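Dear colleague,

Here is the structure I said I would pass on. My notes follow it.

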Amino acid sequence: LELVLSIKPILNINDITLPLIIILLGAPSSTKTVGLQQLRNSPTAYYTDNFTPKAFVSHITGMNEEQLQKIDMLPRIKNRMVLAPEMAPLFAKKDEDLKEVLGTITRIADGDGLVTDSGSCGQRGYDEKIMFTWIGAAVEIPPYVYQHLGRIGAKIYFYRLPRQHKTEDDYLAQLRNDSFKTRLDKIAMALNEYLNMFEMAPMPFDKDSGLRKIEWDKSKDDIEAHKIIIKLGKLLAHLRAYVPTWDTTHTQGLNYAYGTAQIEEPDRAMEQLTNIARGHALSLGRTYITMDDDLSIPIKVVLSTASIERVIIFDLLIAHQGKLTTSMITE
């Protein structure tokens with residue numbers, strides 16, 4: 001919920017024009033979709049349980065341009081917070097379909113709209129700035145998805161929920177206390193009070209976006225926090241680098257070969273991590289980033305936006321002060 005409330009205010013910051021797409025990852029029944037459901041009725045929310053890449057810009061025969069614009073998804077998510085709690089089926093698609101999905105999502109993540117061609121409607125779309133935030137949820141991302149993202153440019157971020165190691169006493173207390181729905185209703189009541197208070201903030205109304213907008217006080221940002229974000233951006237570029245590999249069975253000594261890693265330039269990641277920190281600060285009523293309060297979520301995003309295997313190795317590297325042996329990794 002803290003993550004969701006950090007992403008929502010990004011739309012209210014005046015100079016942010018880069019869409020943010022972030023997906024919650026968690027085990028089944030880990031309540032990862034609860035935070036999304038809580039904001040379903042928010043005025044800026046756009047909720048969807050399922051969508052296809054063709055839904056963003058439709059090419060349906062027998063409909064005129066005005067009719068198509070009414071069903072196109074892309075203009076309807078402009079200046080909205082998209083809530084998509086069931087994105088796992090998208091990542092389970094066949095390889096070619098997956099490439100189309102990721103290619104479309106990657107393109108709209110640039111914030112410059114989307115223009116497509118078809119034999120039925122010719123060329124149509126939206127060649128304009130389209131800002132939005134997107135929060136989805138899935139169980140886990142298959143390894144080949146990371147490979148595809150590495151090839152086309154990684155513009156999707158992840159937030160992996162920690163596993164809950166409950167004891168039998170924890171489960172017993174859970175069963176004997178208030179029901180899940182009762183506790184959820186209490187959270188919903190407090191959340192509604194919070195959202196109403198946020199909307200009462202003295203922020204000027206922007207006619208173009210239909211949102212209240214606030215100027216960011218960059219002069220008050222903690223410079224040390226920015227330095228940490230720079231390091232995080234460089235780390236993320238390496239954690240999700242794409243390493244091309246291919247099968248060499250019966251041709252060389254090993255049964256695989258690999259090429260030079262393709263490592264992204266970290267500038268975009270640094271900007272997005274800064275925006276997440278700014279959203280978190282604004283959710284707490286501040287217009288500046290602090291070192292102590294606003295970096296925990298960006299750090300967690302960096303350590304989630306890579307395959308779980310790489311993150312485990314990196315955690316091990318930290319635990320051993322930066323030095324590992326092969327035998328330690330194997331064990």
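Which residue in β5 is the bridge partner of Val 115? It is Gly 125. This is a predicted model, in which local features need pLDDT of at least 70 and side-chain atom pairs count only at pLDDT 80 or more, while totals for chains, interfaces and linings use all residues. Residues are numbered from 1 along each chain as its sequence is written, and side-chain values use heavy atoms, with hydrogens and water left out.

Strands β4 (residues 114-118) and β5 (residues 122-126) run antiparallel and are joined by five bridges. A hairpin of three residues links β4 to β5. Strands are DSSP runs of E, at least two residues long, numbered from the N terminus; two of them pair if DSSP finds at least two bridges between them.

Strand β3 (residues 81-84) is covered on both faces, with Met 81 and Leu 83 buried on one side and Val 82 and Ala 84 buried on the other. Buried means under 20% relative accessible area, exposed over 50%, and partly exposed in between (1.4 Å probe, protein chains only). β3 runs parallel to strand β2 (residues 45-47), with three bridges between them, and Ala 45 stands opposite Met 81. β3 also pairs in the parallel sense with strand β6 (residues 133-138), over four bridges. There, Val 82 stands opposite Trp 134.

Finally, Tyr 256 lies in strand β11 (residues 256-258). Tyr 256 counts as partly exposed because its relative accessibility is 43%.

Regards
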